[in-house]
Amino acid sequence: MAAIHNLRRRIKSVRNTRQITRAMKLVAAAKMKRAQERVYHARPYANKLQDVIRSVGSRLEIGKHPLLLNRPETNIRLVVVSADRGLCGSFNAVVFRRVFELLEQWQDKNIVVDFIGRKGFEHFQNKVDTVGRNYKDVFRKFDPTVGAGIAADLMNDFVAGECDAVYVVYNEFKSVLQQNLIVERLLPLVEQDFSGKEALIPHLFEPSAEEVLHDLLPRYVETQIFRVLIESNAAEFAARMTAMEAATKNATEMIDKLTLQMNKIRQAAITTEIIEVVSGGQISN
Amino acid sequence: MSESIAFALVSPDRSLFDEQVQEVTIPAETGEMQALPLHTPTIAKLGVGELSCTLTSGVRKRVVVSGGFVEVLPEKVTVLVRTAELPEEIDTKRAEEALKRAEKMLLHPDDDTDVQRAMLAFARASVRLKVARHL
C-alpha cells in the first residue's frame, strides 16, 4: 500500500508543477504578443534609418564624424544581451556559448564586456577578466528613451578612444518558434571601403553637415540599441513560451506514466487479495 | 509628369507611407523644400510643419510632422520623423486650447516662461489646426 500512496503523492506534485508551467506559458504568450507587436512597429523605422546611414556613409569623406572612424580593432567592447530570468530554454545558454567563442577568438585583444540582463552578468561576473557596465532592470518598461542611456555610454567610450569597436550579442526574434543568435558590430557605424569604388555624388546638408550628423548618428545608435532590446525581449518570451509548453507536455506524459504504474500496482494488490480469499476458502472446504 | 519618386515616411512606432508619389513637400528646419524625381542627394533636418505629397493618382496627402530627418536621393525620399499625425487623428479642440495657451504665454510672458518652448508649442498647434481644417 505504501507504494500506491507514494505514487499518488508524486502524481499530485507533478500535477501542481504542470499547473504552474501552464500558467507561465500563458503569461509568456500574452507578453510575447505585445513584445512582438512592438518589434514589428519599430522595424520599418530602424530599417529606413539604417538605409540612410549606409547611404550617408558611402558618400561621405572618411573621418567626417568621430562615430564613423574606422580604427584597427585592438580594444573591443562587447555588449551581452541576455534575459533577466531563466526558465526560457536555451535562450541564455546560446548567448553564453557564443560569448565564450568570441572571447577565445579575440584572445589577443583587450575586451571589456558590458551586460544587459541579469542572467548574463551572473553567469560571467567571475569568469571574465574585465567586466564593464551592468545595466539593470532594462526590460521592465519600454519607451524609446531606454536605449538612449546605453547608447550614450557606448558612444562616449568610442569617441574617447577607450574602445575601437562595439559589438552586441543578442537573440533576434525571427518567429515564435525561432530565435536567431546575432553578433553585430554597432560602432563604428559603417564599413568604409573606398578602394576601387566610383565616388558617389556627396549629399547636400541642410543646415550643415556637422549639425545634421551630430543629430543623425547618435539617433541611429539609440535606435539600434532600442531595436536590439525589443528584439531580445520578444525572443525571450517566445523562448519561454516554447520551453513552458514542452514542460507542460512532459508533465502530462509523466502523470500518465505514473497513473498507469499506480493502477498496475493496485490491480496486482487486488489480484493477490482475491487469490488469498479464494485459496483461504478452498482450504476451509 | 510621367516620372515618380519613391516616398517613405516612418516614425519610431509606425510606417505611414511607402509608395510612389509625384512630389513631396518637406518642412525642413531651414525652410520648406520640395523633392521631385531626380533631386540632387540631400540630407536635411526637419522642423515642425506640414508635410504634403501628391500621389500618382493626383491626390494630395498631408501629415503634421515634428523633428527628424529627410534623405532625398534622385529616385527616393526617406523621411524619418519623431512624431507624425494624419489629419484625421488631430484633436482640433486640444490643438485650439494649446494654441490659446501658447499665445497667452507669448503675449504675457512672466519670469518662468520658456519662450522657446512656447514658440514651438505655438507652431505645433497652428500647423495641426491648419492641416486638420484641410480635411
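Helices (H or I, at least four residues) and strands (E, at least two) are DSSP runs, numbered from the N terminus, and two strands pair if DSSP finds at least two bridges between them. Within E5(A), A:Leu187 is the bridge partner of A:Val166.

This is a predicted model, in which local features need pLDDT of at least 70, side-chain atom pairs count only at pLDDT 80 or more, and totals for chains, interfaces and linings use all residues. Residues are numbered from 1 along each chain as its sequence is written, while chains are lettered from A and ligands numbered from 1 in the order in which they are written.

**Chain A: sheet and helices**

E4 and E5 belong to an open sheet of 5 strands in chain A, with the order E3-E2-E1-E4-E5 and mixed pairing. Strand E3 (131-135) and strand E5 (178-187) of chain A each have a single partner strand and stand at the edges, so one side of each lacks a neighbour in the sheet. On average, neighbouring strands of this sheet are turned by 20 degrees against each other, direction ignored. Axes are lines fitted to C-alpha atoms, for helices over the stretch in contact, and angles run from 0 to 180 degrees between N-to-C directions.

Helix H1 (residues 2-59) of chain A packs against helix H5 (residues 209-284) of chain A at an angle of about 160 degrees, their axes being 5 Å apart. H1(A) is therefore roughly antiparallel to H5(A) (an angle over 145 degrees). Residues of this contact divide into 30 nonpolar (Ala, Val, Leu, Ile, Met, Phe, Trp, Tyr, Cys and Pro), 10 polar (the others, Gly among them) and 13 charged (Asp, Glu, Lys and Arg).

**Chain B**

Chain B has 2 helices and 7 strands, and its elements run β-β-β-β-β-β-β-α-α from the N terminus on. Its C-alpha atoms fill a box of roughly 55 × 30 × 25 Å, taken along the principal axes. Of the 135 residues in chain B, 34% are buried (20 or more other C-beta atoms within 10 Å of the residue's own, with C-beta atoms placed from the backbone).

Definitions and conventions:
Parallel < 35°, antiparallel > 145°, perpendicular 65-115°, else oblique. Buried ≥ 20, exposed ≤ 12 C-beta atoms within 10 Å, placed from the backbone.
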